[in-house]
Amino acid sequence: MDRIKLDYSKVLSFVGEEEIAVQREKATKALKGLEDGTCKGSDFLGWLDLPVHITDDELNRISACANKLREQTDVVVIVGIGGSYLGAKAVIEAMSGSFDAYSGTKVVFAGNNVSEDYLYELQAFLKDKKFGICVISKSGTTTEPAVAFRLLKDQLIEQEGVTVARERIVAITDEKKGALRTMSDREGYETFVIPDNVGGRYSVLTPVGLLPVAIAGFDVRALVKGAVDMRAYGKENGAELSATYAAVRNALYEKGYVIEITVNFNPKLHYVAEWWKQLYGESEGKENKGIFPASVDFTTDLHSMGQYIQEGRRNLFETVLSIDKTKYSLQVPCDAHDLDKLNYLAGKRVDEVNKMAELGTQLAHVDGGVPNIRVIIPELTEYYLGQLFYFYELACGISGGILGVNTFDQPGVEAYKNNMFMLLGKPGYERK
Ligand SMILES: O=P(O)(O)OC[C@H]1O[C@](O)(CO)[C@@H](O)[C@@H]1O
C-alpha cells in the first residue's frame, strides 16, 4: 500500500530550514509528552493507540448494527454536532457519488444546528419513510442534538409505535453518565460507548464515526486499517509526517502567518476540511493563541476568495489536499467547429485540467506571498482517509504541544451555551 506524503518545498522562501528545525525539535519534545502521557490534558490521549486496539468483535458489532438498520429502514438520521458528526460526514461525503443524494440516500444528518426550517423540512421528508435514528452525544446533554432527537423520536413513535421505534434507535454516548445514557438504559436502546479518554473531535475512529459510515455502506475496516498503518509508520520514524507538518505550520505562525487555509480541488473533500477545522480550532485556539483554521473549495472559490488569497493581507498560508488519482476517467471531446475555442484541450483528461489549475494556483499564490504546503493523497478511498485522519490527529497533538496549550480541552465553547441557557430560562442559569 502507498501512503500520504507531505511536500513543504513551497514554504522555504518564507521560512528557512533552520527555523523549521527549531520547531522540529519542539515537535519531538511534544511527541514525547504525548507518548509518555506527560503533556497537558493527558486524560484525553485515548485516540493515540485507538485504531490499533479496535477489535474484530467491535467491528463485527458495528457492522451487524449497521446492516440491521440498513435492512429495516429507508433512511437513518445521524443526530450529533461537532466531533459527534463531522468525521462521519467527512467520510460519507468523500466516498459517496456526487448525486447519490438524489437517488435514494441512506443517511441524513440532524442536530448540528437549531434551524426550525431545517427540522421542519426533515420531518416532512421522513413522513412517508421507514426511518431510524443514530443519536450521538458524548456528554449526552448538548442542546442541538437533544432538541432534534426529541422531535425525531416523537415522530418515529407516532409513525411506527413504541416497540419498533426502540428497535430503530441506536445511541452512542458515555458508558455511565449523561441524559442520553439514562434515557437509553431506560428505553432499552442499543448503545455504543465513546471512551472516556477520547474527546469528541478525536472520536472519528470510535463508533461515533464508524457506525454512521457503516450505515452509509462504506468500508470501516479499510478506514481503521489506514489509521493503524499510519500509527505503525509513525512509530518507525518518530512520527515524521505529523511532526514535520506541525513544525512547518508553527514556523510559519512564528513569522506572522496566523491563518491556515486548507484547500481542496475536489468538492468531496469539503467536509474533511470541516472536520479538520474543528480539530485544529478547538484544540489550538485558546489563551489568545493559535492558527485560525479556514478552508476553501477550488476551483470554485478561486472565483470568489481567490482575489483575497492572491492580493489581500499577507498573513495566511495554504495547505492543499491534493489527490493523485481520480476514480473515473473523462476526456474533453473534440468539436468540429470549435466555436468555444476549447479544441486545445481536446483529448486531455478533465483531471489534467484540474491538476494544471492546482499547479497554476500554487505558483500564483506563492508568487503572491502565500506559503504553500501540499498533503498528497494517493486516491480517495476509505484506507487513505484513515491515514489522513490519523496523520492530522497526531500532528494536532504535537502542534498544540509546541504552542504550549492544553490541546484536549475546549473551555471557550461554554460561553455561548451559558448565555443561551440564561436567555432561554434554563433552571440554574437565571443569575448568570
Ligand atoms: O458529543 P457532545 O457531547 O454532544 O458534544 C458535541 C461537540 O460539542 C463540543 O463539546 C463543544 O462544541 C465539541 O467538543 C463536541 O465535539
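When I say buried, I mean under 20% relative accessible area, with exposed over 50% and partly exposed in between, using a 1.4 Å probe and protein chains only. Helices (H or I, at least four residues) and strands (E, at least two) are DSSP runs, numbered from the N terminus.

Hi everyone, two notes before the tour. This is a predicted model, where local features need pLDDT of at least 70 and side-chain atom pairs count only at pLDDT 80 or more, while totals for chains, interfaces and linings use all residues. Residues are numbered from 1 along each chain as its sequence is written, and side-chain values use heavy atoms, with hydrogens and water left out.

Let's start with strand 5, residues 169-173. How many of its five residues are buried? Five of the five are, so strand 5 is largely enclosed by the rest of the structure. Ile169, Ala171 and Thr173 point one way, Val170 and Ile172 point the other way, and all are buried.

Now for the neighbours of strand 5. Strands count as paired if DSSP finds at least two bridges between them. Strand 4, residues 131-136, pairs with strand 5 in the parallel sense over four bridges, and there cysteine 134 stands opposite valine 170. Strand 6, residues 190-193, also runs parallel to strand 5, joined by four bridges. In that pairing, alanine 171 stands opposite threonine 191. To get from strand 5 to strand 6, the chain passes through helix 8, residues 179-187, in a right-handed β-α-β crossover. Right-handed here means that, with the strands pointing away from the viewer, the path from the first strand over the helix to the second runs clockwise. Valine 170 has a bridge partner in strand 6 as well, namely glutamate 190.

Zooming out, what is the order of the strands in the open sheet? The five strands go 3-2-4-5-6, with parallel pairing. Strand 3 (107-110) and strand 6 stand at the edges with a single partner strand each, so one side of each has no neighbour in the sheet. On average, neighbouring strands are turned by 20 degrees against each other, direction ignored. For angles like these, axes are lines fitted to C-alpha atoms, for helices over the stretch in contact, and angles run from 0 to 180 degrees between N-to-C directions.

Two helices that pack on this sheet deserve a look. By contact I mean heavy atoms within 4.5 Å. Helix 6 (residues 143-160) touches strand 2 (75-79), strand 3, strand 4 and strand 5, and its direction makes about 155 degrees with that of strand 4. Helix 8 touches strand 4, strand 5 and strand 6, and makes about 145 degrees with the direction of strand 5.

Next stop, helix 9. Nine of its nine residues are buried, so helix 9 is largely enclosed by the rest of the structure; among them are Pro207, Leu210, Leu211 and Ile215. The axes of helix 4 (residues 86-95) and helix 9 (residues 207-215) come within 8 Å and cross at roughly 35 degrees. Ala88, Val91 and Ile92 of helix 4 meet Val208, Gly209, Pro212 and Val213 of helix 9. How do those residues divide by type? Six are nonpolar, one is polar and none is charged. In this scheme Ala, Val, Leu, Ile, Met, Phe, Trp, Tyr, Cys and Pro count as nonpolar, Asp, Glu, Lys and Arg as charged, and the others, Gly among them, as polar. After helix 9 comes glycine 217, with a positive phi near 95 degrees.

Moving on to helix 10, we find arginine 231 there. Is arginine 231 buried or exposed? At 4% relative accessibility, arginine 231 counts as buried. Leaving aside residues up to four places away in sequence, arginine 231 touches Glu35, Leu48, Asp49, Val52 and Tyr390.

Finally, some backbone details to find on your screens. Alanine 239 lies in the loop between helix 10 (220-236) and helix 11 (240-254). Although alanine 239 is not a glycine, its phi is positive, about 50 degrees, and alanine 239 is buried at a relative accessible area of 5%. Glutamate 287, another non-glycine, has a positive phi of about 55 degrees and sits in the loop between helix 12 (270-284) and strand 8. And which peptide bond is cis, with omega near 5 degrees? That is the bond from phenylalanine 298 to threonine 299, and threonine 299 belongs to the loop between strand 8 (292-297) and helix 13 (306-311).
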